[in-house]
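User: Hi! I'm new to reading protein structures, and I'd like to walk through this one with you. Could you help me with a few questions?

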Amino acid sequence: MLLKEIDKPFNSKDYIFEIKFDGIRSLIFVNNKEIKIQSRNKKDLTYLFPELESIRNIVNKNVIFDGEIVAFNKNKDSFSKIQERL
């Protein structure tokens with residue numbers, strides 16, 4: 001299904017949906033000693049997001065997070081803000 005932009009979220013029993021955030025798709029590999037952040041084309045991004053190191057403090061086993069790293073500006077996702085990190 002193609003993405004369709006609307007002005008605000010809605011609620012319907014006929015749809016399962018989520019808000020689309022505009023960020024950097026990545027995998028974050030976490031264990032109790034380190035994290036590694038990898039782009040979808042397997043580039044190491046760990047050094048670009050040192051604040052994510054604290055994720056180690058909330059997990060107690062090996063975990064892989066798959067999702068978007070997002071920056072916000074005035075409560076709205078900002079792709080230009082996240083691009084500044086690259």
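This is a predicted model: local features need pLDDT of at least 70, side-chain atom pairs count only at pLDDT 80 or more; totals for chains, interfaces and linings use all residues.

User: Is Lys42 buried or exposed?

Analyst: Lys42 lies in the loop between strand 2 and strand 3. Its relative accessible area is 64%. A residue counts as exposed when that value is over 50%, so Lys42 is exposed.

User: What is the phi of Lys42 near?

Analyst: Look at the backbone of this loop residue. Lys42 is a residue other than glycine, yet its phi is positive. The value is near 70°.

User: And where is Lys74 found, and is it buried or exposed?

Analyst: Lys74 is found in the loop between strand 4 (72-73) and strand 5 (76-77). Lys74 also has a positive phi, of about 55°, although it is not a glycine. With a relative accessible area of 77%, and the cut-off being over 50%, Lys74 is therefore exposed.

User: Which residue's side chain does the side chain of Thr46 join in a polar contact?

Analyst: Start by finding Thr46 in the loop between strand 2 and strand 3. Leaving aside neighbours within four places in sequence, Thr46 is in contact with Ile35, Lys36 and Ile37. The polar contact between side chains is 2.6 Å, and the partner of Thr46 there is Asp44.

User: What is the order of the strands in the open sheet of three strands?

Analyst: Let's build it up pair by pair. Strand 1 (residues 24-30) is joined to strand 3 by seven bridges, and strand 1 pairs with strand 2 over five bridges. Strand 2 (35-39) and strand 3 (63-69) are the edge strands, each pairing on one side only. With antiparallel pairing, the order is 2-1-3.

User: How many residues lie between strand 1 and strand 2 in their hairpin?

Analyst: Strand 1 and strand 2 pair in the antiparallel sense. Together they form a hairpin, and the number of residues between them is four.

User: How many residues of strand 2 are buried?

Analyst: Strand 2 is an edge strand, pairing on one side only. Even so, strand 2 is mostly covered. Of its five residues, the number buried is four.

Technical notes. Residues are numbered from 1 along each chain as its sequence is written. Side-chain values use heavy atoms; hydrogens and water are left out. Two strands pair if DSSP finds at least two bridges between them. Helices (H or I, at least four residues) and strands (E, at least two) are DSSP runs, numbered from the N terminus. Buried means under 20% relative accessible area, exposed over 50%, partly exposed in between (1.4 Å probe, protein chains only). A polar contact is a pair of N or O atoms within 3.5 Å; within protein, one must be able to donate a hydrogen and the other to accept it, and residues adjacent in sequence count only if both atoms are side-chain atoms. Contact means heavy atoms within 4.5 Å.
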